[in-house]
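Here are my notes for you, point by point. Keep the picture open while you read, and look for each pair as I name it.

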There are 2 protein chains.
Amino acid sequence: MDDPKPYHHGNLREALIEAAIEILHESGVGDLSLRATAARAGVSRMAPTHHFGGKDGLLGAVAARAYENFAATMQSEFDRAEENAHEKMRAICKGYLMFARNEPALFDLILSDETRFQWTDELTISSAKSYEVLRSTCAMFKPSKHGPEITETLIWSLIHGYAALSRRTPVSQEFDFREIFAMLDELHLTPKGQVPRR
Amino acid sequence: MDDPKPYHHGNLREALIEAAIEILHESGVGDLSLRATAARAGVSRMAPTHHFGGKDGLLGAVAARAYENFAATMQSEFDRAEENAHEKMRAICKGYLMFARNEPALFDLILSDETRFQWTDELTISSAKSYEVLRSTCAMFKPSKHGPEITETLIWSLIHGYAALSRRTPVSQEFDFREIFAMLDELHLTPKGQVPRR
DNA sequence: AAATGAACTTGACGGCGTCAAGATTTTGTA
DNA sequence: TACAAAATCTTGACGCCGTCAAGTTCATTT
């Protein structure tokens, strides 16, 4: 019925997003241009503008893809973790950091000011999906006395800030999650239906 | 002896940094260019490149200035706070957020990937000064059992992440510090020489 | 079969960073 | 004081960039 290759190139929009991500993997966000994306996809320089409306649009579409990948990485770690609130929380933080380290260019895009790309509904959905993984994990713990959303904001800020900071200090520590696990311990989170320790 | 206006323009380097910061205040980091900076300072387009080596260099110099401003904002809040570890900690977090909100363009620059500007010794010193304000405040509390530097990393990550996230959600909350104060409470920090509560 | 419109291309324009080379002014030195 | 050297700043040129405007090609509709 709605076969997704109805025109000249055959799903050029998708090919352009993939080309852009390839450039991000190879060169970083600073070297991503509409013209380079077009060249890699083998089309003329205005083709990306036609599909995305401009550079903001392309970056927005790539950011949405990045958020999908991001959510999937966290969800994957969540799924393979033990059925235990603390282990689940560790898992999504681990997934968060794995994404930041394995996909630095995509993480930069997410990290960067939203004024750099167009904030479409697609992007809202993708980023909400990422946030939902975190939110549901936080819901496994007793809420803060200051309000139920404080825990989410606390964890989200902590992991986001830690990931951002560890981007710029390339300490050899490669894949050491002890530091983030230690910080999680300091929060003294209490799983629901369990008496607080200490 | 060493009067700092010995040549053509008279401390053009300084004038260029100020011009760049004016552009940042008016238009944001995306509209800052070497050529626009030169035009605003009333010199030819290659003058900034001569002084800073290129765009990376100018951005680095401006970032150093931003860090100075940043450290001063935190220090100012620190100084006017009560002589109490918890109040001091609240004060520097408040200063951090005030800077992020009052100087969004400068904060963006600091926040952005270090690959966007040249990381000079001057910048290392300025950013270390900012970190030192935070470090000394964290030292007022008992160290984590996981290591003495965990508290610093925890606070730094938390406030950095919160500031970055609240940049992109322009909730009207203008200058509401209750949320960050609530999160600080959740950390159950214990000032040195005091028995832990609860 | 003709028309409509979507999918692309090509031309042109101004803005960008920067290499290279020239011009101007200060500074070091004999 | 005179002259060389160095620092400061300018101008020209180049290629890359995003994008407006106007084409061309192709698929679908009528």
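1. Start with a pair in chain A: α5(A) and α8(A) are roughly parallel to each other, where angles under 35 degrees count as roughly parallel, over 145 as roughly antiparallel, 65 to 115 as roughly perpendicular and the rest as oblique. Helix α8 covers residues 149-168 of chain A, and α5(A) packs on α8(A) at an angle of about 30°, with the axes 10 Å apart. Axes here are lines fitted to C-alpha atoms, for helices over the stretch in contact, and angles run from 0 to 180 degrees between N-to-C directions.

2. Before going on, a word on what you're looking at. This is a predicted model, in which local features need pLDDT of at least 70 and side-chain atom pairs count only at pLDDT 80 or more, while totals for chains, interfaces and linings use all residues. Residues are numbered from 1 along each chain as its sequence is written, chains are lettered from A and ligands numbered from 1 in the order in which they are written, and side-chain values use heavy atoms, leaving out hydrogens and water.

3. How does α5(A) cross α8(A), left-handed or right-handed? The crossing is right-handed; that is the word if the near helix is turned clockwise from the far one by less than a right angle, and left-handed if anticlockwise. On the α5(A) side the contact (heavy atoms within 4.5 Å) includes A:M89, A:C93 and A:L97, and on the α8(A) side it includes A:I155, A:W156 and A:I159. The residues of this contact of α5(A) with α8(A) come to 10 nonpolar, 1 polar and 2 charged. Ala, Val, Leu, Ile, Met, Phe, Trp, Tyr, Cys and Pro count as nonpolar, Asp, Glu, Lys and Arg as charged, and the others, Gly among them, as polar.

4. Now turn to α9 (residues 178-186) of chain A: its axis and that of α5 (residues 85-102) come within 10 Å and cross at roughly 140°. That makes α5(A) oblique to α9(A). α5(A) passes α9(A) in a right-handed crossing. A:M89, A:R90, A:C93 and A:L97 of α5(A) meet A:I180, A:F181, A:L184 and A:D185 of α9(A), and these split into 6 nonpolar, no polar and 2 charged.

5. Over in chain B, α8 (residues 150-168) and α9 (residues 178-186) pack at about 155°, their axes 12 Å apart. α8(B) and α9(B) are therefore roughly antiparallel to each other. Their contact joins B:I155, B:L158, B:I159 and B:Y162 of α8(B) to B:E179, B:I180, B:M183 and B:L184 of α9(B).

6. Stepping back, chain A has 9 helices and 0 strands. Helices (H or I, at least four residues) and strands (E, at least two) are DSSP runs, numbered from the N terminus. The C-alpha trace of chain A spans about 65 × 45 × 30 Å along its principal axes.

7. What rotation superposes chain B on chain A? One of 180°, with 0.0 Å of shift along its axis (RMSD 0.1 Å). The two copies are thus related as by a two-fold rotation axis. The superposition is by least squares on the C-alpha atoms of residues with pLDDT of at least 70 in both.

8. Last, confidence: chain A averages a pLDDT of 90, on the predictor's scale from 0 to 100 for each residue.
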